[in-house]
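Biologist: I would like a close look at one part of this model, the ligand site and the parts of the chain that supply it. Please keep to what can be checked in the coordinates.

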Amino acid sequence: MKHLLITLTIAALGLAATPAMAQSAAPAQNDALYQALGAKPGLEALMEVFVAGLKADKRIGEQFKDTKSSYLQEQLVDQFCVVSGGPCKYQGADMKSAHAGMEINKAQFNALVEVLQFAMDARGIPFATQNQLLARLAPMHRDVITAK
Ligand code: HEM
């Protein structure tokens, strides 16, 4: 049920997203979400659980088999820091180039969201905070999903 709710949230937000949001999420107005996520130490701990979960996942783990965990974790910490209004700079690839040629479909995207949700649960992040983060990430599906 929780998963369904988030999938629906993503679908709704996707429809509502403006073209400007397609490249990246809308700029954060303040750092409230970043603080709620536990700032830099909170994000670092979350990304460690998240990336381990991605590699172990039966549905999408294969896609991360050659990925260096420490590298992806660092990129995700910076990216999620920016997205949540924190004082960071994301210097990794834009979402379109980073996922080009991977033929990612909607089910795989939803699987990643679910793994992130499990990681947030494991870190004790409140449901409302989880949804705020997912809402900021949702517009990225336009650049990440390239297959049916
Ligand atoms: C909102 C959804 C997503 C976000 C925010 C995201 C974010 C990122 C970021 C920040 C990077 C690093 C870019 C760089 O190298 O500079 C990356 C790489 C990558 N992503 Fe995603 N991603 C998303 C969805 C997905 C999905 C659904 C898949 C596949 C199921 C996926 C597979 C990968 C892979 C395989 C890499 C390359 C990792 C490596 O080996 O360096 N991503 N992603």
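Biologist: How far does a polar side-chain atom of T67 lie from an oxygen atom of the ligand?

Modeller: The distance from that T67 side-chain atom to the ligand oxygen is 2.7 Å. This is a predicted model, in which local features need pLDDT of at least 70 and side-chain atom pairs count only at pLDDT 80 or more, while totals for chains, interfaces and linings use all residues. Residues are numbered from 1 along each chain as its sequence is written, and side-chain values use heavy atoms, with hydrogens and water left out.

Two further polar contacts (pairs of N or O atoms within 3.5 Å) can be listed. A polar backbone atom of A93 is 2.8 Å from a ligand oxygen, and a polar side-chain atom of H99 is 2.9 Å from a ligand nitrogen. T67, A93 and H99 are among the closest of the 22 residues that surround the ligand, where a residue is near if one of its heavy atoms lies within 4 Å. F64 and Y71 are also among the closest.

By type, the shell has 15 nonpolar residues, 7 polar and no charged. Here Ala, Val, Leu, Ile, Met, Phe, Trp, Tyr, Cys and Pro count as nonpolar, Asp, Glu, Lys and Arg as charged, and the others, Gly among them, as polar.

Helices are DSSP runs (H or I, at least four residues), numbered from the N terminus. At least two shell residues come from each of α5 (69-83), α6 (95-98) and α7 (106-122). The largest share, 5 residues, is that of α5.

Turning to α7, its 17 residues reach 24 Å from the first C-alpha to the last, close to the 24 Å expected at 1.5 Å a residue; the expected span is 1.5 Å times one less than the number of residues. N105 caps the N-terminal end of α7, with a side-chain oxygen 3.2 Å from the backbone nitrogen of A107. Buried residues (under 20% relative accessible area; exposed is over 50%, partly exposed in between, with a 1.4 Å probe and protein chains only) of α7 include F109, N110, E114 and L116.

Just after α7, G124 has a positive phi of about 75°. G124 is in the loop between α7 and α8 (127-137) and counts as exposed because its relative accessibility is 55%.

How values were computed:
A polar contact is a pair of N or O atoms within 3.5 Å; within protein, one must be able to donate a hydrogen and the other to accept it, and residues adjacent in sequence count only if both atoms are side-chain atoms.
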